[in-house]
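Keep the structure in view as you read.

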Amino acid sequence: MAAQQPMPVADTESGAPGPAPEKPEKKTSRAGRDLPAAIAVGAALGAMAIGSLLFAPKWWFPLLAIAIAIATHEVVRRLREHGYVMPVVPLLLGGQAMIWLAWPWGVPGTLGAYGGTIVVAMVWRLLGQGLREQPVNYLRDIAATVLLATWVPLFASFTALLIFQENGGARVFTVIATVVFADIGGYTAGVLFGKHLLAPAISPKKSWEGLGGSLLFGIAASVLSVTFLLGKPAWVGLPLGLMLVITGVLGDLVESQVKRDLGIKDMGTLLPGHGGIMDRIDAMLPSAVAGWIVLTLLA
């Protein structure tokens with residue numbers, strides 16, 4: 001018995017067979033995100049961060065180490081796609097050393113690991129093609145290596161250093177919460193009111209109205225966190241919030257420019273609605289440095 005052929009889809013007006021209906025495209029928000037997926041992923045990541053920082057601060061180390069290894073690999077992979085020769089092993093192992101050596105030795109351990117990573121990476125790239133073959137684009141590749149080692153593992157290590165201060169888990173949570181709420185405020189204000197572009201040559205979706213929303217939400221989150229979680233005067237949250245919002249926006253713009261140079265939209269695809277790990281933490285990396293400075297000096 002012959003297999004029954006599938007019935008063609010009829011044209012609703014003429015009754016003649018027509019093409020099968022196309023699947024509707026997945027809708028994205030005005031800011032270019034798959035909003036439901038972004039909210040779900042953000043909530044899951046937030047729950048992990050809250051649980052670790054407020055109830056088991058030392059668990060922040062493995063979470064941070066895994067995230068930084070993935071983010072470093074994402075950037076390395078993208079650079080290698082565009083012809084960069086990156087010393088992957090020194091970057092990955094050195095990044096882990098920057099984080100974990102903060103546990104027994106604090107700032108000297110992190111800075112020592114950073115310096116050692118750069119030295120090993122320079123030699124690794126120099127000898128990677130053997131002594132008889134002259135390295136090509138050595139300066140370009142080492143400059144990218146130093147940028148990556150500084151931008152991702154070193155900056156992230158400042159949250160590891162914050163853990164060892166008084167009420168350290170709450171301090172790191174304050175930094176992260178401020179950056180997250182600044183992002184929420186910027187996204188909301190940008191979608192609702194954004195008309196005047198902040199940096200159209202770098203990021204066409206950021207607006208001055210969005211920056212205003214980031215300042216409002218970020219400083220409010222900082223003041224509340226400093227007051228109720230750290231037990232410090234509310235005024236400490238003002239410079240902290242201001243610094244974290246500014247560094248967060250600049251961190252986002254830096255990654256946007258790097259992606260523009262490489263001609264890509266996202267560094268990775270691991271997190272639906274966000275891109276990769278690096279796309280999620282780009283604002284937090286320089287903010288970790290700013291948060292450590294302000295909280296160390298003022299709180």
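Q: Where is Ser-52 found?
A: Ser-52 is found in helix α1, residues 35-55. Helices (H or I, at least four residues) and strands (E, at least two) are DSSP runs, numbered from the N terminus. This is a predicted model: local features need pLDDT of at least 70, side-chain atom pairs count only at pLDDT 80 or more, and totals for chains, interfaces and linings use all residues. Residues are numbered from 1 along each chain as its sequence is written, and side-chain values use heavy atoms, with hydrogens and water left out.

Q: Why does Ser-52 count as buried?
A: Its relative accessibility is 5%. Buried means under 20% relative accessible area, exposed over 50%, partly exposed in between (1.4 Å probe, protein chains only). Therefore Ser-52 counts as buried.

Q: What does Ser-52 touch, not counting residues up to four places away in sequence?
A: Ser-52 touches Pro-57, Trp-59, Trp-60 and Leu-63. Contact means heavy atoms within 4.5 Å.

Q: Why does Ser-207 count as buried?
A: Ser-207 has 6% relative accessibility, so it counts as buried. Its place is in strand β4, residues 203-207.

Q: What does the side chain of Ser-207 reach at 3.0 Å?
A: It reaches the backbone nitrogen of Gly-210. A polar contact is a pair of N or O atoms within 3.5 Å; within protein, one must be able to donate a hydrogen and the other to accept it, and residues adjacent in sequence count only if both atoms are side-chain atoms.

Q: How does the reach of α3 compare with the span expected at 1.5 Å a residue?
A: Helix α3 (residues 88-100) has 13 residues and reaches 19 Å from first C-alpha to last, close to the expected 18 Å. The expected span is 1.5 Å times one less than the number of residues.

Q: Which residues of α3 are buried?
A: They are Val-88, Pro-90, Leu-91, Gly-94, Gly-95, Met-98 and Ile-99.

Q: What puts them on the same side of α3?
A: They cover an arc of only 160 degrees around the axis, so they lie on the same side of α3. The arc is that of the directions from the helix axis to the C-beta atoms.

Q: What covers the buried residues of α3?
A: The cover includes α2 (60-81), α4 (102-127) and α5 (138-163).
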